[in-house]
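The sequence and the structure are shown first.

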Amino acid sequence: YQRRVHGAPAPGEREHTFANGDRYVGQWNGTWMEGKGTYHSVCGSEYRGEFRDHLRDGYGVFIDKPSGVMYRGMWRQGLKHGWGTMSFPNGDVFEGEFALNQFEGHGTLRQRTGDVYEGEWKEGLRHGYGTLTPRNGGAVYRGYWNMGRKQVPDAAAGAAAAPVPGA
């Protein structure tokens with residue numbers, strides 16, 4: 001979704017308030033947010049960083065004050081894409097690769113419980129090779145995951161592993 005700004009401002013920096021109350025302060029290219037700027041949403045979120053073609057693109061910091069989620073990292077065409085760090089209000093922190101707003105590729109999730117998963121991700125789920133280290137000193141799992149499920153060999157039972165809590 002792209003919003004056009006009426007009028008033709010000269011390239012450079014200025015402030016604009018949109019019809020819905022959102023506000024942008026930063027660089028422009030004609031009527032497009034382009035370059036560095038800060039976008040304040042009336043819902044309480046804020047983005048400080050780079051824009052291209054009126055979208056978040058490049059490095060930026062997004063803070064969603066109502067939910068408490070914060071993301072620092074790379075953006076492409078308005079979506080989290082590339083290396084970044086996301087922290088959640090419950091204390092969980094993910095650092096790694098993102099694609100299309102989801103954990104994708106290699107990354108580490110440090111949960112508030114103290115459990116740590118380091119490995120591969122796909123579509124926001126543990127997928128591929130990874131290591132889950134529990135806080136309490138329990139058994140470390142090193143192995144493969146399939147869309148959030150441990151791939152524990154159990155030829156006798158032939159059953160698939162159950163989803164991992166917190167995955």
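Threonine 17 is placed in strand β1, residues 12-17; strands (E, at least two residues) are DSSP runs numbered from the N terminus, as are helices (H or I, at least four). The model is predicted, so that local features need pLDDT of at least 70 and side-chain atom pairs count only at pLDDT 80 or more, whereas totals for chains, interfaces and linings use all residues. Residues are numbered from 1 along each chain as its sequence is written, and side-chain values use heavy atoms, with hydrogens and water left out.

At 48% relative accessibility, threonine 17 counts as partly exposed, the class between buried (under 20% relative accessible area) and exposed (over 50%), with a 1.4 Å probe and protein chains only. Beyond residues up to four places away in sequence, threonine 17 touches Asp22 and Arg23, a contact being heavy atoms within 4.5 Å. Its C-alpha atom is separated by 9.8 Å from that of tyrosine 39, 22 residues apart along the chain.

**Overall fold**

The secondary structure comprises 0 helices and 13 strands. Of the 167 residues in the chain, 35% count as buried. Among contacts with a separation of 6 or more, 8% are accounted for by residues 24 or more positions apart. The chain exposes about 9600 Å², of which carbon and sulfur atoms supply 51%; these areas come from the Shrake-Rupley method with a 1.4 Å probe, and for residues only the protein chains shown count as cover.

**The nonpolar core**

In soluble globular proteins, nonpolar side chains tend to be buried together. Here the largest nonpolar core has 21 residues, and those with the most contacts inside it are Tyr24 and Met33. Such a core is a set of buried Ala, Val, Leu, Ile, Met, Phe, Trp, Tyr and Cys residues joined through side-chain atoms within 4.5 Å. The strands that each supply at least two of its residues include β2 (23-29), β4 (45-52), β9 (102-110) and β12 (141-146). Strand β6 gives the most, with 3 residues.

Leaving out residues up to four places away in sequence, tyrosine 24 is in contact with residues including Arg14, His16, Phe18, Met33, Thr38 and Phe51. Threonine 38 belongs to strand β3, residues 32-40, and is buried because its relative accessibility is 13%. With the same exclusion of sequence neighbours, threonine 38 touches Arg23, Tyr24, Val25, Glu46, Tyr47, Arg48 and Phe51.

Serine 45 is found in strand β4 and is buried, with a relative accessible area of 9%. Its contacts, apart from residues up to four places away in sequence, include Tyr39, His40, Phe62 and Pro66. Glutamate 50 is also in strand β4, but counts as partly exposed at 31% relative accessibility. Among the residues that glutamate 50 contacts, leaving aside neighbours within four places, are Gly35, Lys36, Leu55 and Tyr59. The C-alpha atoms of glutamate 50 and tryptophan 75, which are 25 residues apart along the chain, are separated by 8.5 Å.

Histidine 54 lies in the loop between β4 and β5 (55-64). Its phi is near 75°, a positive value in a residue other than glycine, and its relative accessible area of 6% makes it buried. Methionine 147, in the loop between β12 and β13 (149-150), likewise is not a glycine and has a positive phi of about 50°. Methionine 147 is partly exposed, with a relative accessible area of 30%.

**Aromatic pairs and charges over rings**

A pair of aromatic rings is described by the distance of the centres and the angle of the planes. Rings of Phe, Tyr and Trp (its six-membered ring) pair if their centres lie within 6.5 Å; planes under 30 degrees apart count as stacked, over 60 as edge-to-face and the rest as tilted. By this rule the count comes to 17 aromatic pairs. Two of them are listed here.

| Pair | Distance of centres | Angle of planes | Class |
|---|---|---|---|
| Phenylalanine 98 and phenylalanine 103 | 5.6 Å | 80° | edge-to-face |
| Tyrosine 117 and tryptophan 145 | 5.3 Å | 80° | edge-to-face |

The pair of tyrosine 117 in strand β10 and tryptophan 145 in strand β12 links distant parts of the chain, 28 residues apart. Both tyrosine 117 and tryptophan 145 are buried. Phenylalanine 98 and phenylalanine 103 are buried as well.

The charged end of arginine 126 sits over the ring of tryptophan 145, 5.2 Å from its centre. Arginine 14 lies over the face of tryptophan 28, at 4.6 Å from the ring centre. A charge sits over a ring if NZ of Lys or CZ of Arg is within 6 Å of the ring centre and within 35 degrees of the ring normal.
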